[in-house]
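Work through these exercises with the sequence and the model side by side. Try each task before reading its solution.

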Amino acid sequence: MTLATLRDVLQPAMTGHYAIAGLVVLGWEDAVAYTQAAEEANCPIILQAGPGCRAHTPIPVLGSMFRTLAEQAHVPVVCHIDHARTQEECFEGIESGFTSVMYDGSALPIEENITNTARICTQAERSGVSVEGEVGYVGYAQGEDSACTSVEEAALFDRESGADAMAISIGNVHLQTSAQARIDMDRLRAIEAVTTLPLVLHGGSGIAPSIRRELAQNSRVSKFNIGTELRQVFGAALRRSLRDQPDTFDRIELLKPVIPAVRDEAKNIINGLIA
C-alpha cells in the first residue's frame with residue numbers, strides 16, 4: 001500500500017530541495033494519468049479533489065477512487081481534499097478515506113483561521129490524516145484580487161495552528177492560462193525566516209517552469225498546485241480525439257487518447273520539480 005500524507009512526502013521534499021506536484025483531479029481519466037506519470041517519474045504525487053471536482057462527484061466516491069489508485073501504485077500517493085472552506089467538508093473527507101485535507105480559512109481573521117485549523121488538526125491526527133492551511137488569499141485570474149500573506153500572520157499560524165503545511169500568497173494566482181505570475185521573493189524570504197512548515201503555492205500553472213524549479217531547489221516551497229495547465233492539455237487532446245473519430249459515440253473510446261497526453265505533460269511537470 002502506498003497511501004501517504006503530506007507529512008510523508010513534503011518533509012523529505014523540503015530537506016531534499018525538491019517539490020511535489022499537487023495535481024487537480026476532475027475525473028477518472030486525469031487521476032489515472034497523474035498516477036501513471038508519478039510512477040514513470042518514480043516520484044510521489046498528490047491527487048487533489050477541489051471544489052469543482054467535489055461539486056461534480058460525491059466526496060465518498062472520490063475517496064474510494066483516489067485510494068484505489070494509491071493502493072495500486074508503487075510510489076506514495078496523497079489523497080487530498082483541496083480548498084475545503086468549512087470544517088464539515090474536512091471531516092467528511094477524513095471519514096471518506098482521504099489521507100490529507102486542506103482547510104481554506106484565508107478569508108477569515110487570522111485568529112479564527114487558526115482556531116478552526118487547530119480543531120481540524122485534532123480530528124485529523126486521530127485518523128492519521130495531514131492538514132494544509134492557508135494564510136493570505138490567493139486570487140483568481142479575471143476574478144477576486146489576491147491579498148498577500150502577512151509575515152506576522154504566517155509566523156502566528158506556523159506556531160499555533162498545528163498544520164502540516166501552509167499555503168501562502170506571494171504573487172501566485174489561480175486559473176492563469178499563461179505563466180505570468182511575478183513571485184515576491186522578498187516576502188517569501190521574510191516568511192521563511194519566521195516559519196518552519198513546508199510552504200505551498202497554489203496557482204502553480206501561472207508560475208513559469210523555470211521559476212518553479214528554482215523555488216523547489218532553493219526555498220521551502222515544497223508543493224505546487226497545478227490544474228489549469230493540465231486542463232488545457234486535456235481539452236486539446238479531447239478535441240483531437242473528437243476530430244479524429246467523427247463516427248465514434250462511445251465516451252470511453254473518445255477519452256482514451258486523453259490519458260497518454262495528460263500523463264506525458266504531468267510527467268514533465270513532476271520532473272521539473274525534482275530535477
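Buried means under 20% relative accessible area, exposed means over 50%, and partly exposed lies in between (1.4 Å probe, protein chains only). The model is predicted: local features need pLDDT of at least 70, side-chain atom pairs count only at pLDDT 80 or more, and totals for chains, interfaces and linings use all residues. Residues are numbered from 1 along each chain as its sequence is written, and side-chain values use heavy atoms, without hydrogens and water.

**Exercise 1.** Find where Asn-42 sits and classify its exposure.

Solution. Step one: locate Asn-42 in the loop between helix 2 (28–41) and strand 3 (45–49). Helices (H or I, at least four residues) and strands (E, at least two) are DSSP runs, numbered from the N terminus. Step two: Asn-42 has a relative accessible area of 59%, so it is exposed. Step three: check the backbone. Phi of Asn-42 is near 55 degrees, a positive value. Most residues other than glycine have a negative phi.

**Exercise 2.** Which residues form the negative surface patch?

Solution. Step one: apply the rule. Patch residues have over 30% relative accessible area and no salt bridge, and like charges are joined within 9 Å. A salt bridge is a side-chain nitrogen of Lys or Arg within 4 Å of a carboxyl oxygen of Asp or Glu. Step two: the patch consists of Glu-111, Glu-152, Glu-153 and Glu-160. Step three: assign the elements. Helix 7 (residues 151–160) gives the largest share, three residues. Glu-111 belongs to helix 6 (residues 110–126). Glu-111 is exposed, at 52% relative accessible area.

Definitions and conventions
Patch = residues over 30% accessible without salt bridge, like charges linked within 9 Å, V, L, I, M, F, W, Y side chains within 5 Å. Areas by Shrake-Rupley, 256 points an atom, 1.4 Å probe, with all protein chains shown as cover. Lys, Arg positive; Asp, Glu negative; His and termini not counted. Charge placed at Lys NZ, Arg CZ, Asp CG, Glu CD.
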